[in-house]
Amino acid sequence: MQIGDLSLQKPLILAPMENVTDLSFRLVAKGLGADVTMTEFTAAEALIRQIKKALKKARISDEERPAGIQIFGSRPQSMAEAARVVESLRPDFIDINAGCWVKNHCARFEGAGLLKDLPLFESIVRATVEATHLPVTVKTRLGWDEKSIVILEAAKMVEAAGAKMLTVHCRTRAQGYKGRADWSWLEKVRKAVSIPLIGNGDVVSPQDAKALFDIGCDGVMIGRGATANPWIFREIKHFLKTGSPLPEPSLAERTALAVEHLRSVCAHKECRNPVLTFRKHYAGYFRNVPSFRPARMGLMKIETLEGAVERLQRFLMENPEKA
Ligand SMILES: Cc1cc2nc3c(=O)[nH]c(=O)nc-3n(C[C@H](O)[C@H](O)[C@H](O)COP(=O)(O)O)c2cc1C
């Protein structure tokens, strides 16, 4: 598949997730086989005002390329200006968020709120496309609720407005994250447009990813499946190539990657105390490891980088790998 000049073969894309997929996590995912990354969504209005926090959130690193910067807003003019601001951060593409389900954003016709006003949605895509030489892509949901599923209309509109890739999270806005993602829509969208289609929602195993490729998706985007198991990208690639599962990572590999990630968030100082915000990642690194439990309880009380690294290394010493 192509996104502008970018050629990609069945890419696995790390989903943008606010407060989760910061630069450090994106680099971990990249190291484990994610082909494309995207920043967390950043408000167009904040980018235009050059708000430091927004610019920091939108920065990408050369190591993670190809990478996109995701922006959101409800004013076409602001999205166009934000696209010009974002160009200076040199992403490979700019993604428009038309899927965020949070009430305040939707009430302002941002995120999934755009699914209630397709003419506005169209103006936003067109204005952004016209403002930049970079490829513009769109990530959205099926519709506002089950009575107003507009994805086929929206997909055609997005393509006609110049978007170079469409990601569909197969839920409605009303669903939030509840219920199952309905992948059957992807087949219909596939027939409706010819731009690359990325399937998203509830991909938690290699078999899930294969199912989406079999439906006709050009790429697969993974969010919570990657936080629950950062190795998922590698596992999917191995499965697609060989048809067999990869063995679980060793305790040494799990510990080393957790330490590397923790050091990275501390080095990048993504928030006030990265050691505290990092706590949400332990479950993913030590998935299916019951012996990690006492260490995890200890880590929930530790507030320093040195303390957390020492506790992780002690866990490894106390749990020698079975040969
Ligand atoms: C904590 C969290 C934050 C999210 N933040 C964003 C975001 O900034 N931009 C976006 O397009 N989607 C965001 N999403 C939605 C995901 O990108 C994805 O569409 C959704 O989680 C479904 O995919 P999954 O089942 O693989 O997680 C977020 C989801 C979660 C769980």
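The model is predicted: local features need pLDDT of at least 70, side-chain atom pairs count only at pLDDT 80 or more, and totals for chains, interfaces and linings use all residues. Residues are numbered from 1 along each chain as its sequence is written, and side-chain values use heavy atoms, with hydrogens and water left out.

**The domains**

Begin by selecting residues 2–242, which form domain 1, and then 251–318, which form domain 2; these bounds come from an automatic or database domain assignment. The C-alpha centres of domain 1 and domain 2 are 29 Å apart. Across the boundary, 16 residues of domain 1 are in contact with 15 residues of domain 2 (contact means heavy atoms within 4.5 Å).

**The ligand**

Now display E18, where a backbone N or O atom lies 2.8 Å from a nitrogen atom of the ligand. At K139, a side-chain N or O atom is 2.8 Å from an oxygen atom of the ligand. At G223, a backbone N or O atom lies 2.8 Å from an oxygen atom of the ligand. The protein covers 86% of the 610 Å² of accessible area that the ligand has on its own (Shrake-Rupley method, 1.4 Å probe).

**The largest cavity**

Finally, select N229, W231, E235, E248, P249, R254, G284 and R287, which line the largest cavity. A cavity is a set of points on a 1 Å grid over the protein atoms alone where a 1.4 Å probe fits but cannot get out, and lining residues have an atom within 4 Å of a point. About 40 Å³ of space lies inside, a volume being the space filled by probe spheres set on the points, which are joined across faces, edges and corners. The lining has two nonpolar, two polar and four charged residues, and domain 1 and domain 2 each supply at least three residues.

How values were computed: On a 1 Å grid over the protein atoms alone, a cavity is a set of points where a 1.4 Å probe fits but cannot get out, and a pocket is an open set with protein on both sides within 12 Å along at least five of seven lines; lining residues have an atom within 4 Å of a point. Ala, Val, Leu, Ile, Met, Phe, Trp, Tyr, Cys and Pro count as nonpolar, Asp, Glu, Lys and Arg as charged, and the others, Gly among them, as polar. A polar contact is a pair of N or O atoms within 3.5 Å; within protein, one must be able to donate a hydrogen and the other to accept it, and residues adjacent in sequence count only if both atoms are side-chain atoms.
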